[in-house]
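Reader: I have a model open and would like to learn how to read it. Could you take me through a helix and then a sheet?

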Amino acid sequence: MSEPLVEVSDLVKTFPIKGDGFLQRVVDQVQAVSGLSFDIAAGETLGLVGESGSGKSTAGRAILRLHEPTSGSIKFEGREVTELDSKAMQELRQRMQIVFQDPYASLNPKLPVNDIVGEPLVIHTKMNRKERERKVAQLLSDVGLQPEHGNRYPHEFSGGQRQRIGIARAIALDPDFVVLDEPVSALDVSVQAGVLNLLRRLQDERGMAYLFIAHDLSVVRHVSHRVAVMYLGKIVEIGERKALFQTSAHPYTRALMSAVPVADPHRERTRETITLEGDVPSPINPPSGCRFRTRCWRATDLCAAEAPELVEHTPGLLTACHHPIGPDEVVTRADTNSAVLAD
Ligand SMILES: Nc1ncnc2c1ncn2[C@@H]1O[C@H](COP(=O)(O)OP(=O)(O)O)[C@@H](O)[C@H]1O
Ligand code: SF4
Ligand SMILES: [Mg+2]
């Protein structure tokens, strides 16, 4: 087995909450990411899924040190990223890039597209203007845009085209690893497939690894080799895509999955419908033990007392649950509706 490209161990990111007073004392902490561990191999896509507020964006940014991690280790090709000085980090940034969710907010509206896409080349390479123009034209064509539109401004493009501009900029320096933070969530469903196909083609051609962040399973199902499901700052289940979709043992994953329609009419008819009660609790004061217990229909005293570890209950899949769902077990609406849990 070759060494992973990216290795994340026990990554923690907390944000201080400051009081209103003059001294702005820290009054509390948001535990946005509470001990994530996973690997990503070269050329692989790891999907990272969870409801809004589960800490996905914070994790993606912390891995690139756009947010300084509170603790934990991030290795890139075996090198500890958290210990790099700013010069070494600047060099490494060329190889790790990010595409943001909102193509409207992430592109400078005052710059023509040629400058937006060419900026990393100005900062990180010694290309002269001619070389740069040629490279930018090539990049625009690689992402399905017309190179002659490079002198236009972001507002002259549609949402899907703007996301392609963001992608062209992210791949300008031939990165090995790209964090895709909900890259199609802000786009019309009709243009999502085009952008997903583009990302897949670029990965095939260039061998980039992706951390593909999404808030539901329907998108990552089509693009991921492996999938990690996050809830309140922790991974609750992680494994091979097929194993996760076919034999997920975690109540939260099963709930997310029940929201995804399936094409096969027979399977669609027998699809589980799991309704989760309530909202995601606050990450300022998360539930004791298993963080999902306040919404879980299988929760017991053990779940409140002890946080479950990730364990392999089915091959190719690690699940953090004291009472995992068996491979042949079907969850019914009646099961989940009985979930009224005392704190
Ligand atoms: N800069 C910040 N300061 C304080 N809290 C933050 C900050 N960024 C994110 N959070 C909090 O961290 C939690 C996780 O946020 P985020 O990583 O954006 O989740 P996701 O991307 O899964 O929606 C949320 O409760 C959010 O309010
Ligand atoms: S550990 Fe308990 S509360 Fe958590 S998901 Fe499993 S059964 Fe539900
Ligand atoms: Mg996010």
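Author: Contact means heavy atoms within 4.5 Å. Helices (H or I, at least four residues) and strands (E, at least two) are DSSP runs, numbered from the N terminus. This is a predicted model, where local features need pLDDT of at least 70, side-chain atom pairs count only at pLDDT 80 or more, and totals for chains, interfaces and linings use all residues. Residues are numbered from 1 along each chain as its sequence is written, and side-chain values use heavy atoms, with hydrogens and water left out.

Reader: Which elements do the buried residues of α6 pack against?

Author: They pack against β3, α4 (129–142), α5 (159–171), β7 (177–181), β8 and α7 (217–223). Buried means under 20% relative accessible area, exposed over 50%, and partly exposed in between (1.4 Å probe, protein chains only). In α6, the buried residues include Val195, Leu199 and Gln203.

Reader: Why do the buried residues of α6 line one face of the helix?

Author: Seen down the axis of α6, they fall within an arc of 160 degrees, so they line one face. That arc is taken from the directions from the helix axis to the C-beta atoms. Ser190 and Asp204, on the other side of α6, are exposed.

Reader: And the sheet: how do strands pair?

Author: Strands of a sheet pair through backbone hydrogen bonds, either parallel or antiparallel. Two strands count as paired if DSSP finds at least two bridges between them. Here, an open sheet of eight strands runs β6-β7-β8-β3-β9-β10-β12-β11, with mixed pairing. Its edge strands, β6 (96–99) and β11 (311–314), each pair on one side only. Strands β3 (residues 45–49) and β8 (residues 209–214) pair in the parallel sense over five bridges.

Terms used: Chains are lettered from A and ligands numbered from 1 in the order in which they are written.
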